[in-house]
Every structure is written in structure tokens, then in C-alpha cells.
Amino acid sequence: SHANFQCNKVICWRATASIAWAVLLLPPTTAVFVILSRFSIFHPMQWLSECLSLLLSINAIFSLILLSGVIIMVGFLNLEYYTVIPTIACSKIALLGQLLHPRQFFSSLVHGVMGMVVGWCCAVTVGGRYETLGYSCQQSDDGGPSQMCLNEYHLFLLLSGVFMGFSHSLLGVIHNMNYVPFHTIQQYKYLRFKESIPLVVKCSASQALYSMRNFIVLYFFLGHIPKGWICQTLQLEVDRSAHALDTVGGLLDLSLLYHTWISGTFLLFTWYTTLQLFRIFVTEVSFPVQSSFTDNAHQCLAKVIAEKQPIILKFLALQDLALLSQHSPLRRAEVFSLSQPGGHPHNWIAVSKECLSLLSDLTQRLVTYHDTVATNGRAKSLSTGSERKNSCLGVCPLHHRRRLLQPLTAPFTPDLDSPFSSPALRRLTAPVEQCSPWHGTVQSPHIARRGHKLWSTSAGEQQIESTAPLAPRMTSFFVFNVQLPEASSQALFADSQAHIWALEGLSYLVQASFTEDQFGVVQTTLPSILSSMLVLQEAVDRHFKLPHASSKPVRCSSTMGDCSYKTLRFALRAALKTALYRITTTFGEHLNAVQLSSEHRKKLQHFLEYKE
Amino acid sequence: MCSLALFPPPLPSGNTTLCESNNELLSGLNGEDTFQVTGHDVNYIILPFHHYWHDFLHFGGYHSCHNLWLACFVESGNTHLLACMCVHHFLLLIDSEDMIAEFSQVLNWPDCVVRAFAWHPHTDKFAVALLDDSIKIYNPKSATTPTLKHRLQRNVAALQWKPLCASGLAVACQSCILVWHVDPCSLSTRPSSGCAQVLSHPGHSPVTSISWSPSGSLLVSASPMDTAMMVWDVAAENCVPLQRVGGGGVTLLSWSPDGSHVLASTPSALFRVWETRMWTCERWPCIKGRCQSGCWSPDGSRLLFSVQGESVIYALTFTATPGFGPQAASVVADLSETTFNAQNGDIVVGGEIQNLAWDPKGERLAVLLKGRVCSFLFSAVWISLLFRTRTSPIFELLPCGFVQGESGDEPRLIQFHPNFQQGALLTVCWSSGKISHVPFYFLSARVPHFGFNGSPLPRPQERFNDFANQSLYTEMLS
């Protein structure tokens, strides 16, 4: 039912296609893995013939089927957990909450199991001493009855698979790997994938190396626990003549390290490839041309853009709007056209209304946040600082609001009903429920704030009552609850890609209207477009004067987790300025004829003189 | 076919080109005072160059410059008063950064005082990168000239202002790209290095060419050492590498004014033209050498380029329909050596092309030739006329003349002002460190799409009958 809820037909189809491609890519990847894992420089002919015979064996085919199952599962989890609005943890406790969230825990568990399956396949494929879990050994020197002994090498690969899968899942939360970024430029899927392969290889190799290091440390200290447990449950003996692997000597086996690393790389590569394919497929823009007469009228841009469900479709529609307004005169003409009976510019009204409501939504969010920060000094003493902490903003960002509509796109927002969530967590997220979902109708910031304050004071009292006897826990909580710098600013702009497209789309359409708009449909909305942009500009400028807002985030090294969301606020600021300049440069002095307040006119004059 | 022989002969030594009016290049002797030019529909008073020579100042090993910018575009009724001159004078520091020198659009980049120059796309300010790695910004409306210095700002190969922005200036440096944000209202003369954004990518250095998209949202950068060309989302500081097999690096980038194509030349005899919708590219192998320089027509439909080792200008025409692109480039002008008979001996002009510049109205083309051929006459800038009639959009190339500087001066860098209302304004950087602005007054044959100051210009009076039988190249003939 979850899947049905979130999965629009289009998105599901795209996800399926991406999974199919990932499965198709599996045989060549496996072949490369086999060749690399059996590498022997002294017997090249033997090496190649061995690889060939192995690839054609029943074992390999069975492994491939298993691996395909794993890929399908990974693809399904990608679809289930993806989000276009990143979840930004504003404090360490929030991050911990994300990691311990049952839904996330389930995902980690599944990843661990799948990691073990991949580990088993790797062990079988590499063969030799890794092939089976048990082997017959002679325990005593005097040639007594042979027993089944535990093959620790096999176990080592299995456990490393579990560890890699588990750590992959946890790192995914920390690096927001479920965030689907939209590409800066449009490219064909094949080219995009081809160009991302080097990055995927690099990331999987380096990540496998790090994970292996951690795993070795873990195995060195705790390796005897799983070993003993397996021996006990499967009635296996420990071969005393063989080297134990949880010793320094056992772990310094270069061949073992190489095979562990290459298996880890193989595991991560297949999973990253699946993720990358999913991202590429799902963000592809191919929107139906809008027309109100076709059967799929519900798919036309003006309709989709105004819908709230699912959010990725809205994003795709906005991206499409930004592209069509820039590149396609024919589709622009459709936006500017009048409806046949009646002569109403329905398309333009729908598009501009939605874009303007997005902009005013952001403006209000910024204003409310600014007010909260400004009044924070006074409010703090009153409500024990809880007000500031809750959801790290005074306002509800979209990814929190979305929970009302779409519980599944926000996998890592703590679930309040779960037994795992602490009162602190509940306090962090609860106010969110009161905010209006993202919505065309705009709530006044005052109302939003009032509602919010009402809640926070009462909850704050409850909080004090409930935690009073637990003073030590409280102190540790506050240590953890230190806000991560600039995280609140990042969270505020988490969905700003939508606003950037709205700004681009609007400004390009207005620019084009100078020559292309035959009926003057844009003229009627030009004052409100200009004023909402100028108001937003003011709010953004004010926001950037806050501490931490203009500090640059650390440049993220090349990881699979895209961190472009960290710089969205800068992108929004630049896009807003460019949009205003685009309009002023096009219209020039004609803008003096537009009805505007004197304050806005003054600001516009700055833009006309290139002084902003 | 067409050649330089159709050109009017270069001016005798000691004369400098001042401007163009009524389809005639006017010149004056050094130190002459004022010209009064009266045409049919324009009336200009032109003050010739004022030279202000200044002593150099020495700061910690650097030879810093002292300079003066005197410019005013005063419009009073029908009279345009133009007096502009900027003088820089330096000691030359020989710095061999061979790579950048090889691929720079500037002639003799290592010893050139002005290493890069960029007009602001919307206002009358410009930025100059100097030999000492500093950048100065001159604004006629402001008394301050900010000097930009950054520890990473070394060996500046190119400069470009961000379109649709008042303050963004991208600088191609040895190791990275710097994007300066210089507040136009600020009175500070030394903006801190905090105003600069550093864009770098491993393996992507030295950066020899950068180009902003006309919409101001993306920046492309190229390095001859990197086979990938980078597309930057500057505000978000992330980049997309675009890689193709062959060529071995990217040396020159030029985004077409309509934003639809990007020219990317490589160090080998191959260049690519990218379309910016889906970022696919066309390969254009050259026969002889690499593409040295290229420029786009204002509507982005035509690309003129020159090839290293050849003295020919080629043209490519692009159409909006994909798949029906050009099959081969056509030769539109041959600039091989030609001898002019002058009073005091023969003058040889012509040779390899260093740089091409097409004015934003699409009516003047400036060509900078490599200095080898020039005897003593500095006549390396060649201007040809481009007429484009509105009714029949055919491509014509007509001769105009030579732009000359003072004796001993060689032109090193040419660029057109992006929105000079009365015609075209060519900026030439000379080997002496002088920057001169040469106005060409004409009425545009095309009504501009978007008048920057509102109303479109009046219809032109077409007066080019004299040249009808002199055209170097017409599409009709070829």
C-alpha cells in the first residue's frame, strides 16, 4: 500500500526501467569481478581459461540469479526511500534519531542481509579456500575420524558483506544518499550514465577500502563472537591447525585483504550503479505537451504543476517549465495562448499562480524564521530553549510538512509513534504537524507563528515535568542537541530547487512575453511577479545577514551522496538576482509604467542601474 | 577570390585611427586636437586620444601601474562627445607560461602588459588583468578603481563578467577559476579575497578559457591539460565534466550570444560545437591545425573561425532544426600577404589570424593578425564590414580598413563593447600597455531585439552602394 501511495505510474515505470538496466549490467560487472579476483600474473592462459569456465558454470548462473534478486531489492528500496527534498539533521540528536528510526533500522537490516548474500556469491565465485563454510578436517594428529570444521575465510567474507551492507545503509543516512539531485544540465541518459561510471568506480573502491579497515578492526576485537556462535549452531569445529583470523597474523594476509576489498568494491559498485541509474531515470524530463483536449489532460503541465502529490512530479513539472520557457518558443506560445471558448489565459494563470505561491511561501518561511531568531533571546528564557530547537526552524519546511501527505518520502524523519523515539525526539518534530501542508493557499506568517508558539510553550512545560527526575540524561541530551552550524539555514532552503525553477521559468516567460505575448496576458501579472520577487529578494538579503547563513559549507569530496543541497541557498540567491536582472534588462525603462509601490520602484531602479 | 587587395591602403606612419563615421575610417596625427565630423544624420565632436603617461610605482617587487581612465559618454542632444583614453605603462616582466601563451587569445601573452580584458555586458565598466596578476576595474561613473588580488590569482588567461549581474567577474587562473563579487556601490579599492569564490577541480588546470552562458546561470571552463570541459553551476559550486574522446584537452570556449551553442576547440586539429539543450556535440576536424579563434554572430546562427597556420576565415551556419547542420565550413575571406604601395615604400599586410571579434550588432568584424608579416607598420588590426539586410538575410563581408596605433605599437587584444548605442566600439590593447577605444558610428541595419534603453533605434539609411561591387564574400556568390 505504501508503494501505491507514493508510486505514480510514471515514476514506477522509470524505476522499473532503471532496475532492469542494473540487472542487465550485472553479468559484465560479474565477469570483471571474476577476472580481477582470480588475477594471477604468472599463468595468464590458465587464469583466463579458469575464469571462462567459471563464468559458464552452474554456480555462476546461480550466483547471478541471487545477485539479480539483490539488485531488484536494492532498486525497490531506492524507490521506497528516495526523496527530492533532503532531510537535514539540525543537531546530532536529530541525526541519531534518523539512524535509529525503525524504518531506517529495517532498511539497514535488509541491507545487511543482502550484503551477506553478495558476500556468499563473492566467496563462491572467488573459490579456492573461500568456497564453503565447512570442510572436513582431522582434529587430532593421530588420524582420528574427520570432522566438519569451520572455514573462517568463508565466514570472513560473509561477515564483511554484512558489515559493508550495514555501513552502506548508515552512511546513506549521514550523506543523504537517498536524496535525488537534479542535474545541472540536461543530458541523454546513456551519456550521463557513461560519465558517472568513473565516479562510481572511484567511490566504491575507496568506500570499500574504508569499510574494510573498519571491519578488520571490528573483527579483530569481536570476531570470536560470531565465530563461536556459528560453530555452536552449525555444530562445526574450529580447526586448530589453521590460523585464526582474529589475530594480527591472520589479518595480515594480503590475499585475504585483496579479496575482501574487491568483494566490497563489487558489492558497492553494483549498488551504487543501481542508485545512479535510478537517479538518472527518475529525474529525466520528458513531460507531455500541455493541451487541454487530449485524454491525458491530467498529465499536462498546468495541472501537474499545481498538484502536491507526489512531490517529485511537481519538481519535474517545474523543471520542465524552466526548460520550456528558455528553449521552446512553440511551448511558450501555448503558455501565452488563450482558451478557445472564453478567451482566458488559463495556462498562464495556472503557471504564474503556482510559481508566485511558491515564492511567497518561501518569503514567509524566511520572514517567520527571521522573526523567530530575532525574538529568540526573549523567548528562550520563557520556554527553556525548546522553541528554538524544535525542528530547528521556527517554521515548517516542506520535508516535514510532507509527512502529513506522504509519510513514505521522508523515511528518516523520526516516527513519533514508535517506541524508539524519545520525548526529546518527539519534541523535535511534533510542532511540524501543526503547520499547513504545502499548499496553494498561503497562511499568514502571524497565524503560523501563533499556532507554533501555542504548541511550544505547552509542550515545553510537559517536557520539563516529564524529564525532571532524569537530570543526567538531560545534560547529555543538551550536549548532543547542540545545533550543527548553518544546518537550519540549509534546512530552510532544502526544497529551493523548486523555487529556483519557478524563478527561472517566470523570468524567462516574462522576457519572452516582451516579443511573443500577443494578447498581453503577462502584463496583467507583471506587477505581482515583480513585487513578489522584490519581497523575496529583501527576505533573502536579510537572511544572509544572519550568522552562519553566508558561510560556505565544506566542499564535499566526491561521494555518491550528492551534497548540492548544501549550497541551494546560494543558488537561490543568484537565481533570484538573475531573474530580476533578466526582467529589468528586457523591459528597461518600460518598467516605469508598471504599477508598483514606491519602495519597490526604488529597488527596481537599482536593478535598472546595475547597482545590486 | 577575395583578398586584402580590396582594402584601402593603410595609413602612413604616425597616423592613428580615431573612429569611423559615414563609412569612413578617420585618422589623425599624434597630438592633433579636435575633429569635427558632420554627417547626414549624426553630428559628433571627437576629441582624439589624450595621453597621460605616469611614473610607475614599485610595490614589493611588483611593477604596479598607475593609470588614468578618462571617459565620458556624454550625450547632449544631437552631439555626442566622446573622449576616452586609458594609459597604462609598465616595465615588462618576461614570464614564460608557455601553455597559456600558446592558447591565449592574446598575442604574445607572456610579455603583454594587458593579459586579459573584459567589458561588462550591460554597463560601461571594464576589467583589465595586468602582468602583475592584479585586476583593475574601471567604471566611468565611479571614482574608485578597485584592484583585485588573490593568492590564487596567477597567470590570468581570461576574464569575463557574468551576464545579468552587476558584480560577478570570472577569472581563469593558473590553478583555478575565481569568481569575484565586486559590489558596484562599494568604495573599497581593495576588495578582500573573501569576495572571491574559488572553483577548482582536480586535474583541471591551467584554465585558459572561460565562457558564461548568456543567461548567466552556467559557466564553462577549459584547460588544455584536461580532456573534460567543465560546466559550472557557480552559485552552488558544483560542476559537470563533459568528456569526449579525442583532441586531448580543450583550449578555447565561446558561448554563442543566443545561448544555443558552445564552441570548444582542442589542441589538435579538431574542434567541437556543443548544443546546449542536451549537451551533445558535433566534431569538426580541421585539415591543417587547431582552431585558433572563433566568434559567433549575434543570433548564434553563424560561426566564424580561423585555423592555426592558415590565413583564411571560415564560416559555419547553424539552423534551428537539428540534423540539418552544416556539412562543411566555407571560406569567407583570404587574408594572405598583400603588398600595398605607399609613398614611403611598400607595406606588406596579412598572415595568420590570432583573434576574431564580431560586434554585438553583427556589422563589424575585427581581425587581429599575428605580427610576423607587419613590417614597420603595426597595421595588424583589420576591420571589415558586415552588412546584413533585414529583408534578405544573406551574409556579406565587405572591406572597411585598418585600425592603426602609434608607431611602434602592436595590437595585442581586441574586443567590442557589448552595448554601444551609436554603433560599435572596438577596444584595442596595445603592446605598450595602452588601451584605446575606437568608435564606429553607424546606424544599425537591424532593429535590435531588446533595446537596452527602451525604444528601438530608427530605421537606417542604407548607404552602401559604393561597396556593392567590392564585397569580399556574399552567400549568393558561393
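Modeller: Start with a network of salt bridges that links Glu152(A), Lys227(A) and Asp246(A). A salt bridge here is a side-chain nitrogen of Lys or Arg within 4 Å of a carboxyl oxygen of Asp or Glu. Side chains of opposite charge can pair when their charged atoms come close.

A word on the ground rules. This is a predicted model, where local features need pLDDT of at least 70, side-chain atom pairs count only at pLDDT 80 or more, and totals for chains, interfaces and linings use all residues. Residues are numbered from 1 along each chain as its sequence is written, chains are lettered from A and ligands numbered from 1 in the order in which they are written, and side-chain values use heavy atoms, with hydrogens and water left out.

The side chains of Lys227(A) and Glu152(A) form a salt bridge, 3.2 Å from N to O. Lys227(A) sits in helix 10 (residues 224-234) of chain A and Glu152(A) in helix 8 (residues 152-174), so the pair ties together parts 75 residues apart in sequence. Helices are DSSP runs of H or I with at least four residues, strands are runs of E with at least two, and both are numbered from the N terminus. Lys227(A) and Glu152(A) are both buried. Buried means under 20% relative accessible area, exposed means over 50%, and partly exposed is in between (1.4 Å probe, protein chains only).

Now a second pair. Asp253(A) and Arg129(A) meet through their side chains in a salt bridge of 3.0 Å, N to O. These residues are 124 apart and link distant parts of the chain. Asp253(A) is in the loop between helix 11 (248-251) and helix 12 (254-282) of chain A. Arg129(A) is in the loop between helix 7 (102-126) and strand 1 (134-137) of chain A. Asp253(A) counts as buried, at 19% relative accessibility. Arg129(A) is partly exposed, at 30%.

Glu284(A) is partly exposed, at 27% relative accessibility. Lys189(A) is also partly exposed, at 27%. Over all chains, the count comes to 13 salt bridges.

The patch covers about 770 Å² and is made by Val217(A), Leu218(A), Phe220(A), Phe221(A), Leu222(A), Ile225(A), Val248(A) and Leu252(A). Patch residues have over 30% relative accessible area and no salt bridge; like charges are joined within 9 Å, and nonpolar side chains (Val, Leu, Ile, Met, Phe, Trp, Tyr) within 5 Å. Accessible areas come from the Shrake-Rupley method with a 1.4 Å probe, and for residues only the protein chains shown count as cover. One member, Leu252(A), lies in the loop between helix 11 and helix 12 of chain A. Leu252(A) is exposed, with a relative accessible area of 62%.

Next, a covalent link. A search of the whole structure finds 1 disulfide over all chains, a disulfide being a pair of cysteine sulfur atoms within 2.5 Å. Cys137(A) and Cys149(A) form it, with their sulfur atoms 1.5 Å apart. Cys137(A) lies in strand 1 of chain A and Cys149(A) in strand 2 (residues 147-150), so the pair ties together parts 12 residues apart in sequence. The torsion about the S-S bond is about 50°, so the disulfide is right-handed. Cys137(A) is buried, at 5% relative accessible area. Cys149(A) is buried too, at 0%.

Finally, step back to the whole chain. Chain A has 26 helices and 2 strands. Of its 612 residues, 55% count as buried. Contact means heavy atoms within 4.5 Å. Among contacts in chain A between residues at least 6 apart in sequence, 80% join residues at least 24 apart. Chain A exposes about 27,000 Å², and carbon and sulfur atoms supply 65% of that area.
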